[in-house]
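Please read it with the model open.

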Amino acid sequence: QLACPLDLGCHSVGKVVKITGVANPGKTISCLIKGSNVLMIDEADRSIHDALCVIRSLVRKKALIAGGGAPEVELCLNLSNYAKTLTGMESYCVREFAEALEVIPYTLAENAGLHPVQIVTELRNRHASGEKAAGINVRKGTVTNILEENVVQPLLVTSSALTLATETVRMIMKIDDIVQTP
């Protein structure tokens, strides 16, 4: 018998099936997904994939930062302040890039069923007053110190997203320069 159910104790929610008798198990793990329909199985597959990507990010760079839109709003405020020191087109570009970062907490609030304009405004005000760990707490429906709630995300996820966004903007600007040049 290669598959046998395991007892998880009195607090178990489901069943675990342990596969035994594999000749050379190596260092790999298999995950069996069971669901009532294809949609549920696909959603479980996406969730497992997302979790594995987070683990991979933590293995590559062992650093966590506050979640809940906190780093994006903090970066937005810092870039907005930096834009004030610039002039001309550079100032405009940096300011618009900073404002584009607010889409992330706005979308988070919207997806959580909150009032995004109100939440992002409160989040921006809290960061402006020095609360760098202020983030959107979707469970409480408000802005809280997100580190006290243990809501963190891998640094590599955020830095990779910002790098990709920056490279995309630079590529679009280069295309505009090429098209406008006679």
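1. Contact is used throughout for heavy atoms within 4.5 Å. On that basis, Ala70, Val73, Glu74 and Leu77 of helix H2 meet Leu123, Arg124, His127 and Ala128 of helix H5. Sorted by class, the contact of H2 with H5 has five nonpolar residues, one polar and two charged. The model is a predicted one.

2. Two packed helices are described by the angle between their axes and the distance between the axes. For H2 and H5, the axes come within 10 Å and cross at roughly 65 degrees. The crossing of H2 and H5 is right-handed.

3. H5 (residues 116-128) also packs on H4 (residues 103-111), where the axes come within 9 Å and the crossing angle is roughly 135 degrees. H4 is therefore oblique to H5. The handedness of the H4 and H5 crossing is right-handed.

4. Which residues make the contact between H4 and H5? From H4 come Pro105, Tyr106, Ala109 and Glu110, and these meet Pro116, Val117, Ile119, Val120 and Leu123 of H5. Eight residues of this contact of H4 with H5 are nonpolar and one is charged, with no polar residue. Leu123 of H5 figures in the contact with H4 and also in the contact with H2.

5. The pair H2 and H3 has axes that come within 8 Å and cross at roughly 165 degrees. H2 is therefore roughly antiparallel to H3, given that angles over 145 degrees count as such. The crossing of H2 and H3 is left-handed.

6. On the H2 side of this pair, Cys76, Leu79, Ser80, Tyr82 and Ala83 take part, and they meet Ser91, Val94, Arg95, Phe97, Ala98 and Glu99 of H3. The residues of the contact of H2 with H3 comprise seven nonpolar, two polar and two charged.

7. How much space lies in the second largest pocket? Its volume is about 280 Å³. The lining of the second largest pocket consists of Leu79, Tyr82, Glu90, Cys93, Val94, Phe97, Thr166, Val169, Arg170 and Met173. The elements giving two or more residues to this lining are H2 (70-84), H3 (88-100) and H6 (155-180).

8. By class, the lining of the second largest pocket holds seven nonpolar residues, one polar and two charged. Leu79, Tyr82, Val94 and Phe97 are among the lining residues, and these four also belong to the contact of H2 with H3.

Terms used: Residues are numbered from 1 along each chain as its sequence is written. This is a predicted model: local features need pLDDT of at least 70, side-chain atom pairs count only at pLDDT 80 or more; totals for chains, interfaces and linings use all residues. Side-chain values use heavy atoms; hydrogens and water are left out. Axes are lines fitted to C-alpha atoms, for helices over the stretch in contact, and angles run from 0 to 180 degrees between N-to-C directions. Angles under 35 degrees count as roughly parallel, over 145 as roughly antiparallel, 65 to 115 as roughly perpendicular and the rest as oblique. A crossing is left-handed if the near helix is turned anticlockwise from the far one by less than a right angle, and right-handed if clockwise. Ala, Val, Leu, Ile, Met, Phe, Trp, Tyr, Cys and Pro count as nonpolar, Asp, Glu, Lys and Arg as charged, and the others, Gly among them, as polar. On a 1 Å grid over the protein atoms alone, a cavity is a set of points where a 1.4 Å probe fits but cannot get out, and a pocket is an open set with protein on both sides within 12 Å along at least five of seven lines; lining residues have an atom within 4 Å of a point. Grid points are joined across faces, edges and corners, and a volume is the space filled by probe spheres set on the points.
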